[in-house]
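Morning, everyone. Please have a look at the model on the screen, and then we'll go through it.

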Amino acid sequence: MISDVLFSKAHGFAAEIQTLLTQTVCGHAQVRAAVMPPTPAGRAFVVGHQVSKANVIPYRLPLRTGTKAPRLWLDVSFRLQMDAEEQYLTVRSSFFGVFPTEDGKDALFHYDYERDKRDNYPDAHLQVAGQDTAMQALLPGKPAIKLHFPVGGKRFRPCLEDVIEFLIREGLAEGKPGHEAVLEAGREGFRIKQLRAAMRRSPEVVQEFIGDHPGLIKG
């Protein structure tokens, strides 16, 4: 049975992602949380555009380009579980992909995160499509999209706000008025959550820091 805490937190997280997308680069994001089929890894929800209990594969979102037809589509998904202590919501995996078509298989680039990835690739990585003569000479037969560029690991990986900001700054999507404040607030929230998680898992480092900086602790 799905715990009430996981249900509530997953749906709250989905609402946050929907707000982020609709206030920055998407017109009508319908981000939902849906329970996934049971797995040995435990209870989980998927979060994405128009997911449901009957369909746990998110649809892509057209990126906003004013009144013009969309040129690019954004694929966003998260798999959520509770942590080992059943206290905090945990992202087990995430995918942020930018595609030139609504349903084609080939992405221009995508950011992947998979906690405790088992194939020796970095948990958090970036893959980019493209051609490069020097790289092809070094790795014949291995296209660029197959290269997994590490991007900060479990705690300090790029967040969705970083990807959205990149799309706007590079002219790949049109940001809505006020998107800068939305992105900065979301990014700061993500960083604080990651910092708190790192502190929970490394209490000896926190204690050492407090000992080195006693003046920072207010009585």
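What volume does the largest cavity have? About 50 Å³. Keep in mind that this is a predicted model. The count comes to two cavities of 30 Å³ or more.

Who lines the largest one? Ser94, Phe96, Tyr111, Asp112, Tyr113, Ala124, His125, Val151, Arg157 and Pro158. Now put those on the strands. At least two lining residues come from each of β5 (89-99), β6 (109-114) and β7 (124-128). Which strand gives the most to that lining? β6 does, with three residues.

Next, strand β2, residues 45-49. Is β2 mostly covered or mostly open? Mostly covered: five of its five residues are buried. Look at its pairing partners. Strand β1, residues 31-35, pairs with β2 in the antiparallel sense, over five bridges. Strand β4, residues 73-82, also runs antiparallel to β2, and four bridges join them.

Val35 stands opposite Phe45. In β4, the bridge partner of Phe45 is Leu80.

Last, the surface. Phe209, Ile210, Leu216 and Ile217 make a nonpolar patch of about 380 Å². Where does Leu216 lie? In the segment after α5 (203-212). Why does Leu216 count as exposed? Because its relative accessibility is 56%, and the cut-off for exposed is over 50%.

To recap: a largest cavity of about 50 Å³, a β2 with five of five residues buried, and a nonpolar surface patch that includes Leu216. Thanks.

Methods
Residues numbered from 1 in each chain as written. Predicted model: local features only at pLDDT ≥ 70, side-chain atom pairs only at ≥ 80, totals over all residues. Heavy atoms only, no water. Buried < 20%, exposed > 50% of the residue type's maximum accessible area, 1.4 Å probe, protein only. Pairing = 2+ DSSP bridges. Patch = residues over 30% accessible without salt bridge, like charges linked within 9 Å, V, L, I, M, F, W, Y side chains within 5 Å. Areas by Shrake-Rupley, 256 points an atom, 1.4 Å probe, with all protein chains shown as cover. Salt bridge = Lys/Arg side-chain N within 4 Å of Asp/Glu carboxyl O. 1 Å grid on protein atoms, 1.4 Å probe; cavity = no way out; pocket = protein on both sides within 12 Å on 5 of 7 lines; lining within 4 Å. Points joined across faces, edges and corners; volume = space filled by probe spheres on them.
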